[in-house]
Amino acid sequence: MPVVRSVRLRDLHEFATNPTPSSVRHSARFLQNQIPARIQNTLETFSQLPPSVQGSFSVRKMINSLGAARENINSLFVPTQLKECLDHSNELAHTVRTLDIDARSLCSSLRDDRIRLRAHTDSIETLASATFKLLLPLRLFVSHYSYAATHVSGINDDAKEHRTIDKENTVIPEKKSKSPEIRLGPVLSNHSLQAIIEAAVFDSQAFAVEKFGAAPEVEIRVSDDNMGLTCLCVDAHVHYVCMELLKNSYRAMITKYGALEVKEAHPIVIFISCSENAAGISIEDSGGGMSIDSQRNAFRFFHTTAPPLVATYTYSRQFGAAFDGLVCICTIDISFISLDD
């Protein structure tokens with residue numbers, strides 16, 4: 001398999017916050033090599049699936065899409081000039097966006113195919129997870145590349161006037177490179193975890209009130225040592241994960257206590273802690289716990305106790321996995337916990 005180089009979040013952040021013409025051109029070469037390599041590794045995973053799974057229309061469509069994306073990127077001219085990087089980033093963004101759309105279609109089809117292919121449940125889970133773990137980093141990579149290329153190009157355009165003189169000494173403004181047309185997502189930044197969680201609580205409670213007519217109380221706890229600490233993260237991802245987990249907690253508690261009594265139940269407690277090298281968020285509710293079977297299947301890609309109306313591949317348990325993060329789900333006996341401690 002092609003060699004895939006790992007990228008740390010810290011590296012992405014430093015690249016986007018202090019871009020230089022040299023680093024942008026290096027990024028172009030890196031992505032020109034790494035995106036096809038990552039796609040090829042995913043195709044190798046697909047090739048190991050049972051023939052009956054590979055023969056599915058949605059899977060064949062995704063395989064063709066991945067192959068076309070790889071060939072398209074391999075055919076691109078690697079930019080040597082800064083002004084060429086914006087056009088190059090647009091091409092990469094368009095390719096990744098097309099893969100993103102096809103992946104959503106694939107996962108929607110796989111959800112429907114699970115009954116027909118129930119003998120290959122593990123293979124379907126592998127397929128969906130491999131597709132997701134390919135695209136999430138690619139979206140981040142291309143977003144940071146586009147952001148840095150735009151920033152550096154803007155600085156250079158402000159620093160000097162681009163113009164040429166024709167034979168009649170008439171000034172002809174130089175045509176500037178296009179700005180990135182496709183924004184795949186946010187870039188990394190240092191944010192307060194508490195602020196992100198507070199926003200997720202507000203948004204998820206609004207959702208719960210709209211859907212159920214009520215929302216449980218939520219208490220956020222941060223140790224004195226961690227007050228005001230920031231964390232290097234993609235805040236939109238953290239916000240999304242917490243929202244999804246909180247929505248699960250709300251549904252469990254409202255099912256147990258009812259919409260009229262849920263306000264009287266123990267609040268959901270969110271613990272936030274940070275160290276120099278890691279950050280942790282713990283969400284505890286009194287919704288009644290999970291069965292052994294649910295705990296066993298909690299990390300299966302398509303497992304859910306409340307099927308969504310629209311199937312996508314952006315499940316919260318996959319966000320952390322793509323960056324070697326850790327998500328733990330367990331049932332505890334809340335009768336032994338003092339919420340006042």
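**A chat about the fold**

A: Let's start at a hairpin: it joins S6 to S7 through 4 residues. Helices (H or I, at least four residues) and strands (E, at least two) are DSSP runs, numbered from the N terminus. This is a predicted model, where local features need pLDDT of at least 70 and side-chain atom pairs count only at pLDDT 80 or more, while totals for chains, interfaces and linings use all residues. Residues are numbered from 1 along each chain as its sequence is written, and side-chain values use heavy atoms, with hydrogens and water left out.

Q: In which sense do S6 and S7 pair?
A: Antiparallel, over 6 bridges. Two strands count as paired if DSSP finds at least two bridges between them. In this pair, Val269 stands opposite Glu284 in S7.

Q: Remind me, what do strands of a sheet pair through?
A: Backbone hydrogen bonds, and the pairing can be parallel or antiparallel.

Q: In what order do the 3 strands of the open sheet come?
A: The order is S4-S6-S7, and the pairing is mixed. S4 and S7 are the edge strands, each pairing on one side only. On average, neighbouring strands here are turned by 15 degrees against each other, direction ignored. The axes behind such angles are lines fitted to C-alpha atoms, for helices over the stretch in contact, and angles run from 0 to 180 degrees between N-to-C directions.

Q: And S4 with S6, parallel or antiparallel?
A: That pair is parallel, over 5 bridges. Arg221 stands opposite Phe271 in S6, and Val222 stands opposite Ile272 in S6.

Q: How many of the residues in S6 are buried?
A: 5 of its 7, which makes S6 mostly covered. Buried means under 20% relative accessible area, exposed means over 50%, and partly exposed is in between (1.4 Å probe, protein chains only).

Q: Which strands does H8 lie across?
A: H8 lies across S4, S6 and S7, and runs at about 15 degrees to S7. H8 has 23 residues and reaches 32 Å from its first C-alpha to its last, close to the 33 Å expected at 1.5 Å a residue. The expected span is 1.5 Å times one less than the number of residues in the helix. Buried residues in H8 include His237, Cys242, Lys247 and Ile254. After H8 comes Gly258, whose phi is positive, near 90 degrees.

Q: Switching to H7, which of its residues are buried?
A: Leu193, Ile196, Ile197, Ala200, Val201, Ser204 and Ala208. They sit on the same side of H7 because they cover an arc of only 135 degrees around the axis. That arc is taken from the directions from the helix axis to the C-beta atoms.

Q: What covers the buried residues of H7?
A: Among the elements doing this are S3 (189–192), S4 (218–222), S5 (230–233) and H8 (235–257). S6 (268–274) and S7 (279–284) are included too.

Q: New topic: which residues touch the most other members of the largest nonpolar core?
A: Val24, Ile35, Ile39, Leu66, Leu92 and Leu127, out of 45 residues in that core. A nonpolar core is a set of buried Ala, Val, Leu, Ile, Met, Phe, Trp, Tyr and Cys residues joined through side-chain atoms within 4.5 Å. H1 (9–17), H2 (21–47), H4 (57–74), H5 (82–113) and H6 (121–159) each supply at least two residues of this core. H6 gives the largest share, 14 residues.

Q: What does Ile35 touch?
A: Not counting residues up to four places away in sequence, Ile35 touches Ile73, Leu92, Leu138 and Val142. Contact means heavy atoms within 4.5 Å. There's also a second, separate core of 25 residues, which includes Val201, Val218, Val222 and Ile254.

Q: What about Ser27, buried or exposed?
A: Ser27 counts as buried, because its relative accessibility is 9%. Ser27 is in helix H2, and it is in contact with Phe15 and Tyr145, leaving aside neighbours within four places in sequence.

Q: Last one: how many helices and strands does the protein have?
A: 10 helices and 7 strands. Of the 341 residues in the protein, 41% are buried.
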